[in-house]
Amino acid sequence: MYTAEELTVTADTSFGEASLPDGQYGMVFEMWDAAGNYAYSDAVLFDCVDGEITTTV
């Protein structure tokens, strides 16, 4: 795993949508608590083809 980008959420943070190019993607969340402990979620893989996103659970 590697850090692609850090995100700091503030009161002014907003989210939008963007189209993904066709391909296979993976997503992992890193979570931190107030004591500095951290954990990673399980990885989730998904495919994007012609604007449609699918995954298998």
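Reader: What makes the space of about 880 Å³ a pocket?

Author: On a 1 Å grid over the protein atoms alone, a pocket is an open set of points where a 1.4 Å probe fits, with protein on both sides within 12 Å along at least five of seven lines. The volume of the largest pocket, about 880 Å³, is the space filled by probe spheres set on the points, which are joined across faces, edges and corners. This is a predicted model, in which local features need pLDDT of at least 70 and side-chain atom pairs pLDDT 80 or more, while totals for chains, interfaces and linings use all residues. Residues are numbered from 1 along each chain, and side-chain values use heavy atoms, without hydrogens and water.

Reader: Which residues that line the largest pocket are the closest to its centre?

Author: Lining residues have an atom within 4 Å of a point. There are 20, and Tyr2, Ala4, Glu5, Val28 and Phe29 are the closest to the centre. Strands E1 (23-27) and E4 (44-49) each supply at least two lining residues; a strand is a DSSP run (E) of at least two residues, numbered from the N terminus.

Reader: Why are E1 and E4 said to pair?

Author: Two strands pair if DSSP finds at least two bridges between them. E1 and E4 have five, in the antiparallel sense, so they meet the definition. Gly23, for example, has Cys48 in E4 as its bridge partner.

Methods:
Helices (H or I, at least four residues) and strands (E, at least two) are DSSP runs, numbered from the N terminus.
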